[in-house]
Amino acid sequence: LKLKKKPVDELVEIAQSYGLPDTDHLYAAVGRGDIAPAQVGQKLLPHDRQSDVPTDESMLAKFVDRVRKSTGGIKVRGVDNLLLRFAQCCQPVPGDPIVGFVTRGRGVTIHRADCPNSLIDPQRRLQVDWDVDKHQSFLVGFHVFANDRPGLLSEITKAITESSSNITHATMDTGSGLAEGTFTIEVGHLSQFETIIKRIRQVKGVLRAERKSGIEESTDDSLHT
């Protein structure tokens with residue numbers, strides 16, 4: 001007796017074929033544009049069985065719908081069913097003025113409105129709005145410059161975690177009595193991020209704490225044609 005493989009098992013296998021641990025990472029990778037939906041579709045529905053699966057109930061249709069939900073939080077004015085991804089150069093969060101930047105073959109990348117990378121070709125900009133729920137979180141990066149001292153990193157991370165934010169990346173380099181740190185955290189809104197930055201600036205020894213500008217990553221693949 002040959003048991004039919006469940007669709008969810010197929011998705012897990014597809015995720016692992018791309019070196020990803022689970023389906024959530026697969027959804028995110030497609031949402032970011034790292035993996036083309038068509039690639040997943042070919043693996044989900046090989047040519048010899050595509051005609052046997054009803055279009056409106058197929059696993060592929062459900063997968064595409066799940067990807068759209070995983071990149072939620074944005075409403076494109078007057079346009080539906082676009083693949084969306086958030087620019088890593090400026091990392092917009094709810095509360096930031098934003099624009100959509102049309103990328104050829106990769107959907108729409110969402111930038112902060114003042115990001116230099118979104119200003120290159122005005123004809124490729126779209127009007128977009130935030131459309132988030134209270135459970136969504138977004139990544140945002142910032143730099144900290146300070147006089148080095150014992151316990152500095154501990155106090156900075158404490159200021160972040162006590163503001164109900166999760167740290168996803170943190171590095172701290174020291175030398176000549178100075179310290180420079182780079183952090184990436186999860187926030188739900190710009191106001192939460194601004195509160196965190198304010199608290200960090202109050203940590204003893206901190207000279208500056210500022211958000212990543214987006215300028216240093218002008219090679220962001222959202223600009224590829």
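**Exercise 1.** With which residue does Glu162 form a salt bridge, and how far apart are the closest N and O atoms?

*Solution.* In this predicted model, the partner of Glu162 is Arg199, with the closest N and O atoms 2.9 Å apart.

**Exercise 2.** Classify Arg112 and Asp114 as buried or exposed.

*Solution.* The two residues form a salt bridge whose closest N and O atoms are 3.5 Å apart. Arg112 has a relative accessible area of 9%; this is under 20%, so Arg112 is buried. Asp114 has 53%, which is over 50%, so Asp114 is exposed.

**Exercise 3.** Find the salt-bridge partner of Glu210 and state the accessibility of both residues.

*Solution.* The partner is Arg208, and the closest N and O atoms are 3.4 Å apart. Glu210 is partly exposed at 33% relative accessibility. Arg208 is also partly exposed, at 43%. The model has six salt bridges in total.

**Exercise 4.** Decide which stretches call for caution, starting from the mean pLDDT of the chain.

*Solution.* The mean is 77, and 68% of the residues reach 70 or more. Over residues 47-57 the pLDDT is below 50, and this stretch has seven contacts beyond near neighbours in sequence. Over residues 217-225 the pLDDT is also below 50, with 29 such contacts. Where pLDDT is low, the predicted coordinates should not be read in detail.

Notes:
Residues are numbered from 1 along each chain as its sequence is written. This is a predicted model: local features need pLDDT of at least 70, side-chain atom pairs count only at pLDDT 80 or more; totals for chains, interfaces and linings use all residues. Side-chain values use heavy atoms; hydrogens and water are left out. pLDDT is the predictor's confidence in each residue, from 0 to 100. Contact means heavy atoms within 4.5 Å. A salt bridge is a side-chain nitrogen of Lys or Arg within 4 Å of a carboxyl oxygen of Asp or Glu. Buried means under 20% relative accessible area, exposed over 50%, partly exposed in between (1.4 Å probe, protein chains only).
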